[in-house]
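Here are my notes on this model, point by point. Please read them with the structure open.

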Amino acid sequence: MRDRTRNLVMAYDARRLDVADFRQIRARIHALAPDIEVFLVSSRSPAMSDVRKAAERPTLVFSPTDLRQFRPMRGKVYCGRAMKKSEQMARLAAVGVSVPRTAVLGPDTVLDPAEWGEYVLLKPTRGSESHGKAVQLMRTKRVRYIAPEDYPPGHPGRKGPMLLQQFIDTGSRPLHYRVSTLFGEVLYAYASRLIGERPPLDAPDEVLESACVATNGGERDRFFYEDEEIFALARRVYEAVPEIPLHGCDILRDVRDGRLYVIEFNPRGNTWHFSSPRGGGAESREALGGRAALVGQLGAFDVAARVLIDRTRCEAE
């Protein structure tokens, strides 16, 4: 009788997540799909006995992050990888997903307010960008190039180019929506909103340019939400970049017309916030009520088990 068993390898980086999460998902898969054998493999120190055993049958390999030292001997591979913001925006725009107009600030950059609007955001591409540092709101007509060596010590503009982004007005208390998807299925969704108000847009230039306007740059509220329009947009993001399994989509809603924009989807896989050991992920998890609350909001581990079963049955090779 032909062996119809398929193998699923879930690779994990213990520095970025707790393998206990994957054990819980594995238990769900084994209960629902006895035709699938699940291997848990460390991406930093893979056990070669497991690597060889997994290669004995059709296999699917899944990792939220890159595979590090793990080199599968067989199977379809889905894993996270680094991707420049410019590439992210281009991939999304190519399939009609609304993204803010963006450009790298260079010596010859000239912006037309008729195209960009009256205001833009100036953001770093390296350094402290992930913590909302050095993000400035300014009038488009005031944008000027600054050479890296002319930024003050410690400014991320000394380490890499600065990025210009069309300003999307989310209200007097800047707000963004995070939705995490696995193969396009929603795992969790929460919003972050600054507690303090940004200055009114008619404020003097020096007031605008010194204000905290990034939702990850100051004290903020976080709360769960469910919004099918936002979820549908996150599914479209996955369809635009299907080779990356885990997306952490950051989405803005313009208060003037309700239009939604995607500003990034974090393809490196650092958004497995159920057990992120430190940084913004751990901070967000605790602010939302802890791991159980994040897992329980939408039944994340049940969703993960179901989608991984489907993928393994269809795509293991």
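1. Glu 229 is partly exposed, with a relative accessible area of 47%. The model is predicted. The Glu 229 side chain meets that of Arg 253 in a salt bridge, 3.4 Å from N to O. This pair links distant parts of the chain: Glu 229 belongs to helix 6 and Arg 253 to strand 12, 24 residues apart. Arg 253 is partly exposed as well, at 21%.

2. Salt bridges with shared partners also form one network. Its members are Asp 13, Arg 16, Arg 44, Asp 66 and Arg 68. The overall count is 27 salt bridges.

3. Strand 12 holds another charged residue to check. Asp 250 lies in strand 12 (residues 246–253), and its partner Arg 178 lies in strand 9 (residues 175–182). Their side chains form a salt bridge with an N to O distance of 2.7 Å. Is Asp 250 buried or exposed? It is buried, with a relative accessible area of 5%. Arg 178 is buried too, because its relative accessibility of 9% falls under the 20% cut-off.

4. Glu 37 sits in strand 2 (residues 36–42). Arg 57 sits in the loop between helix 2 (48–54) and strand 3 (59–63). The separation is 20 residues, and the pair links distant parts of the chain. Glu 37 is partly exposed at 24% relative accessible area, and Arg 57 is partly exposed at 25%.

5. Back to helix 6, which spans residues 228–240 and includes Val 237. Val 237 counts as buried because its relative accessibility is 0%. Which residues does Val 237 touch, leaving out those up to four places away in sequence? They are Leu 92, Val 97, His 247, Cys 249, Val 262 and Phe 265. Val 237 and Arg 91 are 146 residues apart in sequence, yet their C-alpha atoms lie 8.9 Å apart in space.

6. Four strands form an open sheet in the order 5-8-6-7, with antiparallel pairing. Strand 5 (102–104) and strand 7 (136–139) are the edges, each pairing on one side only. From one strand to the next, the twist averages 30°.

7. Inside this sheet, look at strands 6 and 8. Strand 6 (residues 119–124) runs antiparallel to strand 8 (residues 162–166), and five bridges join them. Leu 122 stands opposite Leu 164, which is in strand 8.

Definitions and conventions: Residues numbered from 1 in each chain as written. Predicted model: local features only at pLDDT ≥ 70, side-chain atom pairs only at ≥ 80, totals over all residues. Heavy atoms only, no water. Helix = DSSP H or I, 4+ residues; strand = E, 2+ residues; numbered from the N terminus. Buried < 20%, exposed > 50% of the residue type's maximum accessible area, 1.4 Å probe, protein only. Contact = heavy atoms within 4.5 Å. Pairing = 2+ DSSP bridges. Axes fitted to C-alpha atoms, helices over the stretch in contact; angles between N-to-C directions. Salt bridge = Lys/Arg side-chain N within 4 Å of Asp/Glu carboxyl O.
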